[in-house]
Amino acid sequence: MSTFGWPEFLFLLRAVGWTVLLTGIAFAIGSLAGGVFAIMRLAQNWVLRSIAAGYITVIQSIPVLMILFMSYYGLTLFGFELPPLLAASLSLSIYVSAYLAEIWRGSIQAVPQQQWEASASLALTRFQQYRYIILPQALRISLPPTVGFLVQLVKNTSIVSVVGFVELSRAGQLVNNATFRPFQVFLVVAILYFAICFPLSRLSRYLERVLHVGRSN
């Protein structure tokens, strides 16, 4: 039986880097797509609303693991063989886009109707209303649930190990298979996840306090 030592710990730390990288890629791409779908969801054009609503409903009704399988295994039927990092990033980005679209749609709709009416009375275009009046207020409202979702995304990266991507959870399994010390190994893995997620939760509370989220203007 091997010991759990410094080399194993460094291996887990490198896996933390891959977990953070994957989270960052998925969140960045998913945020861009999610923002577009959130605006489409509130568009005056019923076609755009229907497309966004259909996309969000379908993605939220499918386990993210199934999206990963379709990206990694399903696309091979059409001649596309994605490397694990690309397949994982694509799948999680799709997952992120659907959930952030709904979070941000709710935040936009939480802005009082009087703000829309006041901006319309100033003869602002729809784009100007969003840019100068609505989105700055919606941003404040959306921060806590958005960062909370980011914490969930960090933990959901563990599923990508099924396609051979070595993130933190998979690295813990590999180290445990080599050392046969599950308590030590997975305790360290849990601590590393905590080290990633706890600061994000604290950041959410800090931003909520600084931006006065939930207070009346």
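In the predicted model, Phe-69, Tyr-72 and Tyr-73 are joined into a cluster by ring pairs. The structure as a whole holds 10 aromatic pairs, and one of them, formed by Tyr-72 and Tyr-73, is edge-to-face, with 4.9 Å from centre to centre and 85° between the planes. Tyr-73 has a relative accessibility of 42% and therefore counts as partly exposed, whereas Tyr-72 is among the buried residues of helix H3.

Helix H3 spans residues 64-72, and its buried residues are Val-64, Ile-67, Leu-68, Ser-71 and Tyr-72. These residues lie on the same side of H3, because the arc that they cover around the axis is only 120°. Such an arrangement can be read against the geometry of the α-helix, in which residues three or four places apart point the same way because there are 3.6 residues a turn. The cover over the buried residues of H3 includes helix H2 (46-60) and helix H4 (84-110).

The ring centres of Tyr-99 and Phe-149 are 5.9 Å apart and their planes stand at 20°, so the pair is classed as stacked, the cut-off for stacking being an angle under 30 degrees. Phe-149 is buried, because its relative accessible area of 9% falls under the limit of 20%, whereas Tyr-99, with a relative accessible area of 26%, is partly exposed.

How values were computed: Residues are numbered from 1 along each chain as its sequence is written. This is a predicted model: local features need pLDDT of at least 70, side-chain atom pairs count only at pLDDT 80 or more; totals for chains, interfaces and linings use all residues. Side-chain values use heavy atoms; hydrogens and water are left out. Buried means under 20% relative accessible area, exposed over 50%, partly exposed in between (1.4 Å probe, protein chains only). Helices (H or I, at least four residues) and strands (E, at least two) are DSSP runs, numbered from the N terminus. The arc is that of the directions from the helix axis to the C-beta atoms. Contact means heavy atoms within 4.5 Å. Rings of Phe, Tyr and Trp (its six-membered ring) pair if their centres lie within 6.5 Å; planes under 30 degrees apart count as stacked, over 60 as edge-to-face and the rest as tilted.
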